[in-house]
Amino acid sequence: MDMHRYWNDPGHGACPVIAAFLEAWAESMPDDQSRHWLQPLAPVVRDSRSSAASQAARRMLAMDWLVRDYAPIWLDADGRSKLAEHARSLRNLPALSLGEDPFDLRMRSGLGPICAAAGVLPDAYSEKTSRAGDNTLNAVAGEQASMLGVAVSHAVKPTAQGDSAGSAAVAAIATDPVLAEEWDVLFSVALSIASSSMHGRILLAVHEGLVPRVEAMVVPALERAGIVFSQAQTEFQFEKAWRKARQVAEKTVDADPDIYDEAWRIGWEAIGGTIEDTQSSAFNLLLRMTERR
């Protein structure tokens, strides 16, 4: 079944809000096989088109879910108590009333907690991932593990099907261009929370899991290359030695292709449970949208 054609076939009476939600969700999945689980939803979508008021209510449900469910799931996944407090703050926000003007002051006040939560995220892992000791050679090895974390986060994210749920909610809201434009900041912050938490969680997990292995490979290679930072007399000489160390480290790590597979496994294990949580939560959102008539 071509789900794109099904959802957009006027004869099937699909609500444009729900169709946009499912379309964005399906399109962000990595391949056709992974989309098959969406096909059983076809009967749920059929004849879901309703009044303009019903469509507006569904958009509001998506907006409410993005702030009070989706973002907190990822804040909790981060694991830090400060962000857990922000997650509780978002969950405790009053639900958006479907009968209210979506631009009223009370709703706008909800931007404060979500922006505050996002503000805690940047550079949260730099201190943790730099704990390779005072030995410069170990620091280079530790940095290589962090680089693997960055690489694997880009590899994992396209296959993280559940995280696409956030974008799917935005797509549903965007069926009203005025509403989408008015609340663009909120959507961007909510999605950045997920992206930053995912990246940071992967980075830390890969760093902690692979530093010992990377050190065992890289440190001897650096010593064989005769890189001695203590001999650097100027900042330029130090930077030159550091660049050479990075080149040696990268070449050494690249010589062991299995280490990237291990990094991917560690990265996925770090976020797999959260991905499942977002999928489940998004599915419940879909059911609530279809029930709203």
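Biologist: Where is Trp268?
Modeller: Trp268 lies in helix 14 (residues 258-291). Helices (H or I, at least four residues) and strands (E, at least two) are DSSP runs, numbered from the N terminus. This is a predicted model: local features need pLDDT of at least 70, side-chain atom pairs need 80 or more, and totals for chains, interfaces and linings use all residues. Residues are numbered from 1 along each chain as its sequence is written, and side-chain values use heavy atoms, leaving out hydrogens and water.

Biologist: What relative accessibility does Trp268 have?
Modeller: 28%, so Trp268 counts as partly exposed. Buried is under 20% relative accessible area, exposed over 50%, partly exposed in between (1.4 Å probe, protein chains only).

Biologist: New topic. At what angle do helix 5 and helix 10 cross?
Modeller: Roughly 150°, and the axes of helix 5 (residues 52-78) and helix 10 (residues 164-173) come within 8 Å. Axes are lines fitted to C-alpha atoms, for helices over the stretch in contact, with angles from 0 to 180 degrees between N-to-C directions.

Biologist: Which residues of helix 5 meet helix 10?
Modeller: Arg59, Ala62, Met63, Trp65, Leu66 and Tyr70. Their partners in helix 10 include Gly166 and Val170. Contact means heavy atoms within 4.5 Å.

Biologist: What else does Leu66 touch, beyond four places in sequence?
Modeller: Ala71, Leu186, Phe187 and Ala190 are among its contacts.

Biologist: And the largest nonpolar core, how many residues?
Modeller: 81, with Leu66 and Trp74 among those touching the most other members. Helix 12 (residues 184-224) gives the largest share, 18 residues. Such a core is a set of buried Ala, Val, Leu, Ile, Met, Phe, Trp, Tyr and Cys residues joined through side-chain atoms within 4.5 Å.
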